[in-house]
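Here is a friendly briefing to read with the model open beside you. Please keep the viewer at hand as you go through the points.

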There are 4 protein chains.
Amino acid sequence: MSIGVGIIGAGVMGADHARIIAGQVAGAHLVAISDADEARAKAVAQETGAKRGVNDPLGVIHDPAVGAVLIASPDSTHADFAIACIKAGKPVLCEKPLAPTAAEGLRVVEAELSAGRRFVQLGFMRRFDPGYTEMKSLLNSGAYGEALAFHCIHRNATAPAHFDSAAAIVNSCVHEVDISRFVLSAELSAVRVIKAKRSKLAHFDDPMLVVFETDKGQLVDVELFLNAQYGYDVKGELICETGTISFGPTSNTEIRSAGVTATSLAPDWRPRFAAAYRIQNQAWIRSIVTGQPAGSSVWDGYVATTVTDAGVKALHTGETVAIAYEKRPGLYS
Amino acid sequence: MSIGVGIIGAGVMGADHARIIAGQVAGAHLVAISDADEARAKAVAQETGAKRGVNDPLGVIHDPAVGAVLIASPDSTHADFAIACIKAGKPVLCEKPLAPTAAEGLRVVEAELSAGRRFVQLGFMRRFDPGYTEMKSLLNSGAYGEALAFHCIHRNATAPAHFDSAAAIVNSCVHEVDISRFVLSAELSAVRVIKAKRSKLAHFDDPMLVVFETDKGQLVDVELFLNAQYGYDVKGELICETGTISFGPTSNTEIRSAGVTATSLAPDWRPRFAAAYRIQNQAWIRSIVTGQPAGSSVWDGYVATTVTDAGVKALHTGETVAIAYEKRPGLYS
Amino acid sequence: MSIGVGIIGAGVMGADHARIIAGQVAGAHLVAISDADEARAKAVAQETGAKRGVNDPLGVIHDPAVGAVLIASPDSTHADFAIACIKAGKPVLCEKPLAPTAAEGLRVVEAELSAGRRFVQLGFMRRFDPGYTEMKSLLNSGAYGEALAFHCIHRNATAPAHFDSAAAIVNSCVHEVDISRFVLSAELSAVRVIKAKRSKLAHFDDPMLVVFETDKGQLVDVELFLNAQYGYDVKGELICETGTISFGPTSNTEIRSAGVTATSLAPDWRPRFAAAYRIQNQAWIRSIVTGQPAGSSVWDGYVATTVTDAGVKALHTGETVAIAYEKRPGLYS
Amino acid sequence: MSIGVGIIGAGVMGADHARIIAGQVAGAHLVAISDADEARAKAVAQETGAKRGVNDPLGVIHDPAVGAVLIASPDSTHADFAIACIKAGKPVLCEKPLAPTAAEGLRVVEAELSAGRRFVQLGFMRRFDPGYTEMKSLLNSGAYGEALAFHCIHRNATAPAHFDSAAAIVNSCVHEVDISRFVLSAELSAVRVIKAKRSKLAHFDDPMLVVFETDKGQLVDVELFLNAQYGYDVKGELICETGTISFGPTSNTEIRSAGVTATSLAPDWRPRFAAAYRIQNQAWIRSIVTGQPAGSSVWDGYVATTVTDAGVKALHTGETVAIAYEKRPGLYS
């Protein structure tokens, strides 16, 4: 009854997932961890008590002791590994993104359609963050009327050196794409990008305001600021007809010293969303037992990539870009 | 040395101003209050201890006991009364707007240019709000680098029945127009209007997002939501290169009862900006003594109207509208 | 109609009061300022536009142009100056304390009783602080039931070198004595003092917990910590039968930088209670016009000193000390 | 490697623990649940996937498939079941209290001393609450100097009908007894109880202030208010030489509606301390694997009961009661 988990990728996220599965999730145990760097795989395996650290991802997928696979390898490999798992009939938790392009993402959708059922949960962990889930629940309670607009802020202390303005949309804004669809139960139908004054400390257009419309006419605006210096900061305010819902502070303590009252901000997304990752991974294991899918699907992954593709086009043209999707298969309705 | 003040207009704002001058401002005393409804003028005069309540605005302006005039009459009369005061050589505090159109506002500018000095302080009271002045001071301290973007939120519980979408920009958003110029020390150079889903409780496009660019490349976005139902709520967050500055809560007390911790919001702008009005009126009286103008000038009034004219055009066309100004006279530099 | 004010004492508090009367209070103007150091009196007079700076306090009191007197001279002189004003028939705003001992304070009470009316408002400015007045108003609304206990915190960054444990009670805790009587509409009937671990940065017993009982059976506990280092901090939480009421933050802005969200604390009591001082002084001038006394009376001053006398006894004995008062004259009921 | 857990007691807490072990804790699985009411045991077993629901606690303890026992049965049975587990050589997580009296608690201490090692972790879950652990960690960082005082507030919406004033100390205040020892790394050496005005909605002395001294001279004061009506509310403020540390808000969202900004409070201790329970139970399972004890020991349980015994004496006598302990065995140093 305990599910054997294999992890592909022993980098920062893979190692974190290994620690979560081994140390915080009921009903599962680690079997094997694979990485192109075998030594890294072995080190994580040893730390987390996994049986084996290897450099053979397909071996992990086909290992009979592995009942479910967690994919945390480089982005470009996600689709192929996910398809291999689907063919092997094994449930998957796949780190986002599903694929670098919408077209590639559709390949995974087709693999599930061929198999006739869903196997893959996509790792948009914010769907399990207590702030977002409470926000959605409060909206759905009807107590505040319909949602009209959603203000989002996504700030990192510093962006990786290889990021550019498009990467900010593809890698960072994609979280707001998925979570706004989740909170609003709506699809994004258009996008435009408005640049602010560029920070002298940034090497691309930063900050930017990305503005979406939903198919319900709602406005979603996202401030992206990936070189905000002061810390990691994610905010959301949902504007409803008779009230607004935003997040509370995320600091456990409040300190008064040196002339100020201060609460701490997370340095990066991992401590900020530690609860979300834990709850997500537990929900994945639980979903395998119950057979009820949880979290984002590969269709959600396809949609997210379609939206960010349009966002990049909007960035480059300065125009408002309408967003079109393939027809949603019944499997994902 | 106490300055005799005459007030034109005994409506809600005129009466408030009379109370402030009579009860909270040093160095001034009320002489006369005029209103088209003489009974209303007399009632306010009696309540506040002014000598006379009349229906003769020009008589107030030319009364030798009146050393300074506060204009709080209907918007369309502001320019003419202000010009009459300038011709009479009397300092003025004029409620916003300066005039319904930019062209009319320029008439007051020209009257001051003819007189060779400034007489009029325009009543954009937010320039005296402790939150905004502290925000500007923190920005100018340089501790957080340059300002890159400014998020503003302007919500009212309910809009007057005669308001439409254009009125929301002309009457409400105009405050953010003036205050963002003040905080950022920049001019607004372009504007676009993006509609959110319209609230079923609103009779025009509400909420809307009004997005400005400044001549420094900064982004200023203003959520206007004039039928937000829950109360009056003005928020601002200034995004700088290494930190952000926003307003603290404005409630004096925090109550824990019935399952929640709650702080109260103001029902409308008057309690929210009570300190701003008091400080503004005191600064006006002080400026008469010192001869150093304070607050917004008629040029600022002309600029504000020019920007909201462009905003209304952006609302109706859906386009980004560039904003052009007359050349700024040296008197206002 | 404008009341001429004379100020006795041009030290820190006297100069602050002169600035408030001259620059923020309606219906009054400064006539004269007296100080033992005549040069200091002249400097403050010049800064604030008072007609004269002198070293003749009785001359100020008897100046026919002086309609009301503000006493901000050394504590030991308050009672005598107040009595001189009462004999001269002039209204007084007297900085706390009324007198160093309860017995001396009674002399001023007797002077008012002889005169047959109240002349003196005692400068317990917290009664005009918007936080405390809103707290009292919320309690009196009945919405939260009766008050059962009141937690108070009174912290200073550093105590003056001449302070000792008794001075902490007499000079600092006295504010909580007056304000708890005001908020609770109750009298303090017993007091005990419980010492915490002494801070290595303090030169007397600091912090201490001073615990009062009221004649209604309520508990009032006051943490005194006068060498708290980090700033000036006054907190209050009123515990009622169905809810609690505490103060909101007092910072105008909130800054996110360097890993924290921070709001600033006042360095000392003057900025923290700037609004209270302004409102108090305005209420004093207003009370002279209306003839309705405002704020604390000399009886309140006598009571406060009686309580702190008992507090010092409790400090030295370690016992619970019952507090007895003279019979309250009808003039103060 | 997965540890089989048996649970004794299927009441509210036993059922919660079963859900946590089954659904949120890595490295463990439920084997059996016992309750005097066998139907209740079976229901919880079925819900949580435990193999068996029985009415045979000793059978659970001696079941070879049970590697560790969680005791959540009525308080008076804790000591005997714990001793049975120790004799059976099985690790225990025992809900607080260890025993109704200090003398009975010592029996469990002696059982461990006889066995020569620790088996029992006592369920003072606050030691795993992120707020308290961060507070302790910040104190131990030394950044704010030494701890001088600790203000605690413990409020429940309503107390059970069978509670009296002594029960408030024994059952509720006991949490602050354990956690203040934990945070301060100090022992409580004296206690007094000061009653506030009794709420008309309470059937015993409520609220009360319980004041402790530590062996380091620190002050710990605890407001107990078990009929506070408005919700469950636990607050703590640690006063150090150069700063104070308190808890941040615990609400995930902030709602603006109907004139207020509101954050929700927990209705009772279970949602408030949900994270603490989960982390505690995980730490227990982990400690079995590593052999390193976690959380409170039976010695801590003995100490807590000794302190609350003294607290009840202080309640009844009105005196300050010194607290004496047995000599601490080396096993618990």
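This is a predicted model: local features need pLDDT of at least 70, side-chain atom pairs count only at pLDDT 80 or more; totals for chains, interfaces and linings use all residues.

Residues are numbered from 1 along each chain as its sequence is written, while chains are lettered from A and ligands numbered from 1 in the order in which they are written.

**Confidence**

- The mean pLDDT of chain A is 97, and 100% of its residues reach 70 or more; pLDDT is the predictor's confidence in each residue, on a scale from 0 to 100.
- For the model, the scores are ipTM 0.95 and pTM 0.96.

**Where chain A meets chain D**

- Here 29 residues of chain A are in contact with 30 residues of chain D, a contact being two C-beta atoms, placed from the backbone, that lie within 7 Å.
- On the chain A side, the elements that give two or more residues are helix H1 (12-24), helix H6 (130-140), strand E12 (243-247) and strand E13 (253-257); helices (H or I, at least four residues) and strands (E, at least two) are DSSP runs, numbered from the N terminus.
- That side of chain A divides into 11 nonpolar, 15 polar and three charged residues. Ala, Val, Leu, Ile, Met, Phe, Trp, Tyr, Cys and Pro count as nonpolar, Asp, Glu, Lys and Arg as charged, and the others, Gly among them, as polar.
- Strand pairing crosses between the chains: E13(A) and strand E12 (residues 243-247) of chain D run antiparallel and are joined by five bridges, where pairing asks for at least two bridges found by DSSP.
- Within this pairing, Ile255(A) has Ile245(D) in E12(D) as its bridge partner.
- The copies meet through the same surface, because 100% of the interface residues of chain A are also interface residues in chain D.

**Where chain C meets chain D**

- In this pair, 23 residues of chain C are in contact with 23 residues of chain D.
- Strands E7 (147-155), E9 (208-214) and E10 (219-225) of chain C are the elements that give two or more residues to its side, and E10(C) gives the most, with three residues.
- The chain C side is made up of 12 nonpolar, six polar and five charged residues.
- Chain C superposes on chain D by a rotation of 180 degrees with 0.0 Å of shift along its axis (RMSD 0.0 Å). That is the relation of a two-fold axis.
- Since 100% of the interface residues of chain C are also interface residues in chain D, these copies too meet through the same surface.

**Strand E2 of chain C and its neighbours**

- All seven residues of strand E2 (residues 28-34) of chain C are buried, so the strand is largely enclosed by the rest of the structure. A residue is buried if 20 or more other C-beta atoms lie within 10 Å of its own, exposed if 12 or fewer, and partly exposed in between, with C-beta atoms placed from the backbone.
- Strand E1 (residues 3-8) of chain C runs parallel to E2(C), with six bridges joining them; Ile7(C) has Ile33(C) as its bridge partner.
- E3 (residues 52-54) of chain C also runs parallel to E2(C), through three bridges, and Ser34(C) is partnered by Val54(C).
- E1(C), helix H1 (residues 12-24) of chain C and E2(C) form a right-handed β-α-β unit. A crossover is right-handed if, with the strands pointing away from the viewer, the path from the first strand over the helix to the second runs clockwise.
- From E2(C) the chain crosses through helix H2 (residues 38-48) of chain C to E3(C), and this β-α-β crossover is right-handed.

**Backbone details to look at**

- Most residues other than glycine have a negative phi, and most peptide bonds are trans.
- Lys96(A) and Pro97(A) are joined by a cis peptide bond, with omega about 0 degrees; Pro97(A) sits in the loop between strand E5 (92-94) and helix H5 (102-115) of chain A.
- The peptide bond from Asp206(A) to Pro207(A) is cis, with omega near 5 degrees, and Pro207(A) lies in the loop between strand E8 (188-195) and strand E9 (208-214) of chain A.
- Ser185(C), which is not a glycine, has a positive phi near 50 degrees, and counts as exposed because it has 12 C-beta neighbours inside 10 Å.
- Gln229(C) has a positive phi of about 70 degrees, and counts as buried because it has 21 C-beta neighbours inside 10 Å.

Notes: Copies are superposed by least squares on the C-alpha atoms of residues with pLDDT of at least 70 in both.
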